[in-house]
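Subject: Structure handover

Hello,

Here is the structure I said I would pass on. My notes on what was found in it follow below.

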Amino acid sequence: GTATRSKVIHNFVIRPSADGMSDTESKVDSGVPEVPVPPDDTPEVLNKALSGLSSRWKNWWVRGILTLAMISFFFFIIYLGPMVLMMIVLCVQIKCFQEIITIGYSVYHSYHLPWFRTLSWYFLLCVNYFFYGETVTDYFFTLVQREEPLRILSKYHRFISFALYLTGFCMFVLSLVKKHYRLQFYMFGWTHVTLLIVVTQSHLIIHNLFEGMIWFIVPISCVICNDIMAYMFGFFFGRTPLIKLSPKKTWEGFIGGFFSTIVFGIMLSYVMAGYRYFVCPVEFNNDSNSFQVDCEPSDLFQLQDYALPSIMESVTGWTTVHLYPFQIHSIALSSFASIVGPFGGFFASGFKRAFKIKDFANTIPGHGGIMDRFDCQYLMATFVNVYIASFIRGPNPSKVIQQLLALRADQQLHIFNSLKLVNYCYISIINNL
């Protein structure tokens, strides 16, 4: 009868498949080649030690142990200093790029697209040459001007970068094969979107680091804290699904992660703001040819008294609180890390579901690939860079001096005379008053 036909139609249309997608979704995505599932690479020692546990609790312990190991490694590289941090950022960038490009190659390798991987890595080299060249010119200006080869490379840096990219572009056009035009342009777009997401964001992370290690450590730590606490709250209290793209994410985990991250961000900022090593901009010392982190901390890192609103005063009994201004900014960083940051993870989840894969790779047991750990970090890096440019950074005298030193002698003399005239006018005005 009608009821039987409705039941059959209902089961056909919305019956979920094994991977969490409905049959309709599976049929729509059936044209997408599947990526081979990597084998479980959990260390044998952990497998034996946790063999008596259920898969849920085994995964919990594996993730926990590896998380502690990664946090310890993070502390270690912070101790090694800013140069090592920059090298680690570059290594992470290359690994994330490799994981995403490998997925593309695994999906389409049967088509034998000519030069796909070669061109992908070539474009990575070109983009890194451009961004790191800009960074060297900005932050190592005196060193660049001192060495003749570097000065020439700096002067024509953008032209060289464009020529390198143009070479890759021509190579791509020459590699086009008649029967694979559409697929090759898909992969061309794949490579460039990957470069936009991975390389550009890692470049912004390094720029944040030059503003002071606190602008590097606090945002990254907030994302890590939110990831851990959202997982903990979701594991123990999660009942309400948050988003279909990530079925294991829950509202309980999302809300618990938010409040935990806010508190963590304020506390971490208070501890770090008292040390010059963390708050001073990272600068290159031309005399010692090394990085130095030493300065007179700005007002942002000086303790100040803030009057509490009457409501909070009645609850706490305090009229004022002693805070670093940076702690107030840390609330904005923590809020972004816990509210908007997870959407980087949701984006990555949608990408993985599109290709029916669980993780980008199996580099870290229980966590997946490096990209699985940094999907939220890249979004956070962009926000921090924009936040600093909008609300923190003011005019930089050293940049003005760099521009002056790059001018010809007659141009420098012209600016000197102009400033001298302006100064004379100001003195005349003051005397008349």
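**A network of salt bridges**

R276, D294 and E296 are linked in a network of salt bridges. Please keep in mind that this is a predicted model.

How accessible are the three residues? D294 counts as exposed, because its relative accessibility is 51%. E296 counts as exposed at 60%, and R276 as partly exposed at 39%.

The structure holds ten salt bridges. One of them joins the side chains of K95 and E99, at 3.0 Å from N to O. Both residues lie in helix α5 (residues 82-108), four residues apart, which is about one turn of the helix. Is E99 buried or exposed? At 2% relative accessibility, E99 counts as buried, because buried means under 20%. K95 has 26% relative accessibility and counts as partly exposed.

**The protein as a whole**

The protein has 19 helices and six strands. Of its 433 residues, 39% are buried. The accessible surface comes to about 25500 Å², and carbon and sulfur atoms account for 68% of that area. Among contacts between residues at least 6 apart in sequence, 69% join residues that are at least 24 apart.

The unreviewed UniProt entry annotates "transmembrane region" at residues 60-79, 85-108, 115-132, 159-177, 184-206, 212-233, 254-278 and 326-348. In the model, residues 60-79 are 100% helix and 0% strand, with end C-alpha atoms 29 Å apart. Residues 326-348 are 91% helix and 0% strand, and the end C-alpha atoms of that span lie 31 Å apart.

**The nonpolar core**

The largest nonpolar core has 78 residues, and I214, W215 and F216 touch the most other members. Helix α10 (residues 181-210) gives the most to this core, with eleven residues. Leaving out residues up to four places away in sequence, W215 touches N208, L300, F301, F326, L333, V384, Y387, I388 and I392.

**The nonpolar surface patch**

On the surface, L53, W57, W61, I65, F236 and F237 form a nonpolar patch with about 570 Å² of accessible area together. Which helices supply at least two residues each? They are α4 (55-80) and α11 (213-237). The largest share, three residues, comes from α4. F236 is in helix α11 and is partly exposed, with a relative accessible area of 38%.

**Around V136**

V136 is in helix α6 (residues 116-139). At 34% relative accessibility, V136 counts as partly exposed. Apart from neighbours within four places in sequence, V136 is in contact with F141 and V144. V136 and L150 are 14 residues apart in sequence, and their C-alpha atoms are 9.6 Å apart in space.

Regards

Methods. Residues numbered from 1 in each chain as written. Predicted model: local features only at pLDDT ≥ 70, side-chain atom pairs only at ≥ 80, totals over all residues. Heavy atoms only, no water. Patch = residues over 30% accessible without salt bridge, like charges linked within 9 Å, V, L, I, M, F, W, Y side chains within 5 Å. Areas by Shrake-Rupley, 256 points an atom, 1.4 Å probe, with all protein chains shown as cover. Salt bridge = Lys/Arg side-chain N within 4 Å of Asp/Glu carboxyl O. Buried < 20%, exposed > 50% of the residue type's maximum accessible area, 1.4 Å probe, protein only. Contact = heavy atoms within 4.5 Å. UniProt positions renumbered as here; feature names shortened; annotations may be inferred. Core = buried A, V, L, I, M, F, W, Y, C linked by side-chain atoms within 4.5 Å.
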